[in-house]
Amino acid sequence: MRLMSAFLALFLLLDGALLYKVQKNIEGLNAGGARVSELTPVPDGAYLKNISLGQASLLADILWLKAIQVIGGRTISPQKAKWLYSAVDAALTLDPKFWYMSEEGGVFLSAACSQYRFSNRIFRKGFDNNPRNWRLPFYLSTNYFLYLKRYKLAAYYMGRAARLPGRPAFVPLLASRLYAQAGDPRYGLELTEAIYENTRNEKIRKALLERMKQLQVEINLDALGKSINTYKSRFGRYPASVRELLAGGFIKAVPVDQLGGKYIINPVTGEVSNTKLPRRLMIYPKGK
Amino acid sequence: MKVYAIAINTFKEVIRDKIFYSLVFFALLLLGASVLLSTLTLGERSKIIEDLSLSGIEIFGVIIAIFVGIGLVGKELEKKTIYIIISKPIKRWQFLLGKYLGLSLVLLSYISVMTVCYMFFLYAYTYKLPWQTLLAVLLIYIELLTVTASAILFSTFSTPTLSASYALALYVIGHMTGDLRRLAEKTGEGGVKAVLNFVYYFLPNLEDFDIKAKTVHAIPVPADYLLMSVSYGLMYVTAILALSVLIFQRRNFK
């Protein structure tokens with residue numbers, strides 16, 4: 001009997017070790033491939049609500065916890081951003097009053113994924129169900145102002161945020177200046193700083209910090225563009241480099257690039273660009 | 001008095017049951033896990049704990065109601081102890097009602113213990129005591145009473161395994177009756193619509209008892225809604241129990 005017990009104990013120990021090894025191997029075989037759970041489209045929220053057996057709120061939490069894992073990931077591919085949108089959208093259908101998801105999900109889709117339309121849909125859905133929350137129209141407004149260049153809509157939503165309870169004192173001030181300063185990157189930076197101050201999630205704050213650096217580069221590009229135009233009007237040609245602008249006294253110093261890139265001027269077209277910012281964040285339409 | 005004696009006896013019997021203990025253990029484990037899971041999110045930690053705890057209390061309550069409920073009558077039949085009981089001056093309705101009240105008492109103790117633990121965990125981790133979620137717990141209890149009654153109904157004419165399946169199916173359907181309503185609306189006029197509407201009102205509408213999300217978000221629940229839901233649940237339970245007695249009285253024990 002004792003021998004039998006000892007044998008069984010030994011067997012269990014060996015079997016346990018073997019199971020661990022096999023599981024490790026399976027993990028090794030799975031590594032490298034796309035993780036299905038992250039990329040599988042999330043079914044429509046209304047459908048999920050029907051089959052949730054009264055646990056819709058719990059399902060929303062589960063989806064949100066999965067979404068947070070994606071937000072915390074290192075890289076955000078367009079596929080992941082799309083998944084994130086569908087997850088947060090479904091979670092908001094399951095639990096419409098969970099405005100926190102709308103806020104964090106929307107800011108992340110905009111600041112880190114540059115998916116402004118997805119982000120807007122998330123904000124708008126959250127705002128429809130939480131019409132007393134000032135943050136959601138505030139974020140909507142910044143998306144319209146900064147990225148989508150719909151200044152009237154931006155002003156409209158900032159105005160709505162300004163009228164809601166609990167909004168900080170700066171919101172009405174922003175609302176009053178928004179329309180007048182349409183397209184000004186300095187104002188964009190100010191708005192992003194305001195979002196940064198109101199965001200708690202560290203991952204999203206990091207993305208916003210990066211965005212603020214990009215906006216600083218935008219401000220520099222804007223200022224350089226103006227100097228280049230002055231240069232052209234005096235010499236009849238575009239400068240070949242930033243140094244030329246500096247030598248001519250058109251700028252006081254070469255702007256510090258927070259992204260670590262360089263400012264390059266195209267001597268033929270006079271366009272100025274930054275090596276670390278291949279696409280301009282703010283496109284300035286001719287008629288502001 | 002006889003009903004009371006059977007109820008107390010049933011209560012003691014279930015409380016000593018190993019299945020009951022293991023289910024309570026897992027339910028408590030889930031409450032603990034909710035605290036762990038809530039650390040994954042930033043902000044709104046209390047919401048995750050509240051959602052998971054309330055859902056856990058409900059789901060494990062339903063499992064207890066069904067699996068213990070079907071055994072109440074089923075076991076007596078299986079072990080032939082029913083002969084001893086019905087040979088005594090006890091009416092069959094008293095037996096059934098006693099069994100039902102006994103399990104209702106067990107569920108009341110279960111839900112009380114779980115709620116105290118849930119509130120304790122929540123207070124320990126978030127320093128919040130959302131009293132309004134107790135209203136959700138109240139309606140969960142009413143839902144459990146309905147599920148228990150259905151488990152007893154099925155066990156009066158079917159085997160324990162089949163009764164469990166039926167009761168579980170009724171629970172699932174009870175949460176999806178909204179679909180029947182929508183289907184009836186789409187069908188337009190005619191016999192099909194009338195049938196669908198009849199089925200919709202005939203089946204228990206368990207979604208009526210779900211105010212978890214509302215209470216978690218601190219949205220006020222109107223008093224008349226609460227009153228109506230509780231009345232609906234108790235009236236439904238009375239109807240199911242009446243039907244159970246009707247079937248049980250005609251049953252021939254051989």
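Author: Start with confidence in chain A. pLDDT is the predictor's confidence in each residue, from 0 to 100. Helices (H or I, at least four residues) and strands (E, at least two) are DSSP runs, numbered from the N terminus.

Reader: What is the mean pLDDT of chain A?
Author: The mean is 82, and 90% of the residues of chain A reach 70 or more.

Reader: Where does pLDDT stay under 50 in chain A?
Author: Over residues 283-288 of chain A. The model has five contacts beyond four places in sequence for them. A contact means C-beta atoms, placed from the backbone, within 7 Å. Where pLDDT is low, the predicted coordinates should not be read in detail.

Reader: Now the interface. How many residues of chain B are in contact with chain A?
Author: 22 residues of chain B, in contact with 16 residues of chain A. Helix H3 (45-78) and helix H10 (212-216) of chain B each supply at least two residues of that side of chain B. H3(B) gives the most, with four residues.

Reader: Tell me about H3(B). Where is the kink centred?
Author: On Leu72(B), with a kink of about 40°. The bend is the angle between axes fitted to the seven residues ending there and the seven starting there. Just after H3(B), Lys80(B) has a positive phi of about 65°.

Reader: Is H3(B) mostly covered or uncovered?
Author: Mostly covered, with 25 of its 34 residues buried. Buried means 20 or more other C-beta atoms within 10 Å of a residue's own, with C-beta atoms placed from the backbone; exposed means 12 or fewer, and partly exposed is in between.

Reader: And across chain B, what percentage is buried?
Author: Buried residues make up 38% of the 254 in chain B.

Reader: How many helices and strands does chain B have?
Author: Eleven helices and zero strands.

Reader: What does chain B span along its principal axes?
Author: The C-alpha trace of chain B spans about 60 × 55 × 30 Å.

Definitions and conventions. Residues numbered from 1 in each chain as written. Chains lettered and ligands numbered in written order. Predicted model: local features only at pLDDT ≥ 70, side-chain atom pairs only at ≥ 80, totals over all residues. Contact = placed C-beta atoms within 7 Å.
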